[in-house]
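Hi,

Here is the structure I said I would pass on.

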Amino acid sequence: MISKSSKGVHVISKSREEVSQAHLYILNNTDEVLPYLDAHKDIVKYKNPRQSEKWVLIENNITFMSWFKHQIMNDPSTYETLTWLANSLKFDVLCCSGYEVNGCLFYIKSQDDRSTIQNSGATLEEEFMQFST
C-alpha cells in the first residue's frame, strides 16, 4: 500500500518539446494506443510509398497526435484512458523530492545528494538462530 504522503511538492514548467517527447513515449508504451499507432503508420506509409522507413517514423511522430485526437474524439465508445491521452498536454508538471511508501521515506537523487545522512543501499533486519561448534 502506498501512502499519499509526499515531501517537497513543487510545480515546474517544461517546454513544449519536452512534454511532447514524454507524451509520445507514453503513447508508444500504452497497450491501448498501439493499434492506433500501427494504423497511423500504415496510413503514412501508404500516402508516401517512396519514403524511407526513417522518414515514415519521423512523419508518424510529428502527425500522430492530431490524427489520434481526431480518431478518439469522434468515437464515443473509446476507453477513458484513451480520451485522457488524446486531450491537450499540460506543461506544468507536479514534482516531489521524496515519497513515503509503507512507512519508508524515499528521496529523489538530487534531494538525497543534499542530505547529510545518506543510505545508498537497502537494509534488511532479520533474526535467525546461529549455532557454532
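Let me start with a pair of helices: helix 1 and helix 3 pack with their axes 11 Å apart and at an angle of about 70°. (Axes here are lines fitted to C-alpha atoms, for helices over the stretch in contact, and angles run from 0 to 180 degrees between N-to-C directions.) The two helices are therefore roughly perpendicular to each other, going by a scale on which under 35 degrees is roughly parallel, over 145 roughly antiparallel, 65 to 115 roughly perpendicular and the rest oblique. At the meeting point, His23, Leu24 and Leu27 come from helix 1, and Asn61, Phe64, Met65 and Phe68 come from helix 3; contact means heavy atoms within 4.5 Å.

Before going on, some housekeeping. This is a predicted model, so local features need pLDDT of at least 70 and side-chain atom pairs count only at pLDDT 80 or more, while totals for chains, interfaces and linings use all residues. Residues are numbered from 1 along each chain as its sequence is written, and side-chain values use heavy atoms, with hydrogens and water left out.

Now the overall picture. The chain has 5 helices and 5 strands, in the order β-β-α-α-α-α-β-β-β-α along the sequence. Both kinds of element are DSSP runs numbered from the N terminus: helices are H or I with at least four residues, strands are E with at least two. Of the 133 residues, 17% are buried; that means under 20% relative accessible area, with exposed being over 50% and partly exposed in between (1.4 Å probe, protein chains only). Among contacts between residues at least 6 apart in sequence, 61% join residues at least 24 apart.

Back to helix 1, residues 16–28. Which of its residues are buried? They are Val19, His23, Leu24 and Leu27.

Asparagine 60 is in helix 3 and counts as buried at 4% relative accessibility. Apart from neighbours within four places in sequence, asparagine 60 is in contact with Leu37, His40, Lys41 and Val44. Tyrosine 79, in the loop between helix 3 and helix 4, is exposed, with a relative accessible area of 57%. Its C-alpha atom is 8.4 Å from that of glutamate 32, although the two residues are 47 apart along the chain.

Cheers
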